[in-house]
Amino acid sequence: MVAPLKDMTTNNSLDSELLQKKIDALLDLEEDLILILDEGGLIKNVNLNGALTLDYRKEDLINRHILDIVTSKCNVEIANAFKGLIDGVPETAFDASFISNYGKEILFGINAKSIYSNSRISEIVMTGKNITHLREITEEIERLGIKLVEANRLISIERQRANQRRSILEELNRLKNEF
């Protein structure tokens, strides 16, 4: 009876290893950032592309706290998101600026979801889409919109001046024709 129990234990650990390898393969296929955090906010797993986007190796991010790799201005927003997850909100979305290994700010649109085990949060899964370029484009559009309003104002002034000149020229031509 001991031998079959040992075989079952060995099979369970092999199944667990295989499952972990499958999860790691899925994570590494994703182009966006994926973080798996424990209930205290420590990074337990990260996908390869996400780590590379932040200029880190996967190993460098494992067991670091999430607040260590975000800008200080995002700490409150992340704390509020985590509080919501702890209070029972099933998932949340927010923007957060992460700091790369070389100090560059990278803006991500984050979706976070808590995973429960025995009625307690065991992990928080976060996915993040790099929206830095999108934010830069949006800001450029806003700047160009302001310039467009100013250009339209100047065009309107020039049209009014052209209309005044035309009316003056027409009046001069009329007076010239009368003499």
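I looked up Met 126 first. Leaving aside neighbours within four places in sequence, I found Met 126 in contact (heavy atoms within 4.5 Å) with Leu 33, Ile 34, Leu 35, Leu 37, Ile 66, Phe 82, Phe 94, Ile 110, Asn 111 and Ala 112.

A note on the source: this is a predicted model, where local features need pLDDT of at least 70 and side-chain atom pairs count only at pLDDT 80 or more, while totals for chains, interfaces and linings use all residues. Residues are numbered from 1 along each chain as its sequence is written, and side-chain values use heavy atoms, with hydrogens and water left out.

Next, the core. I took a nonpolar core as a set of buried Ala, Val, Leu, Ile, Met, Phe, Trp, Tyr and Cys residues joined through side-chain atoms within 4.5 Å. Buried means under 20% relative accessible area (1.4 Å probe, protein chains only). The largest such core holds 27 residues, and Leu 35, Leu 54, Phe 98 and Met 126 touch the most other members. Two or more residues of this core come from each of S1 (33-38), S2 (43-46), H4 (75-86), S3 (91-99), S4 (105-117) and S5 (120-130). Helices (H or I, at least four residues) and strands (E, at least two) are DSSP runs, numbered from the N terminus.

Then the sheet. Two strands pair if DSSP finds at least two bridges between them. I read an open sheet of five strands, in the order S2-S1-S5-S4-S3, with antiparallel pairing. S2 and S3 are the edge strands, each pairing on one side only. Neighbouring strands are turned by 30° against each other on average, direction ignored. Axes here are lines fitted to C-alpha atoms, for helices over the stretch in contact, and angles run from 0 to 180 degrees between N-to-C directions.

I went through the pairs one by one.

- S1 and S2 run antiparallel, joined by three bridges. Ile 36 has Asn 45 in S2 as its bridge partner.
- S4 and S5 are antiparallel over ten bridges. Ser 114 is bridged to Ile 124 in S5. Their hairpin has two residues between the strands, and Asn 118 takes a positive phi near 55°.
- S3 and S4 are antiparallel over nine bridges. Glu 91 has Lys 113 in S4 as its bridge partner. Asp 95 stands opposite Gly 109 in S4. This hairpin has five residues between its strands, and Gly 103 in the turn has a positive phi of about 85°.

Last, the helix. Which strands does H4 lie across? I found H4 across S1, S3, S4 and S5, running at about 150° to S3.

Methods
Buried < 20%, exposed > 50% of the residue type's maximum accessible area, 1.4 Å probe, protein only.
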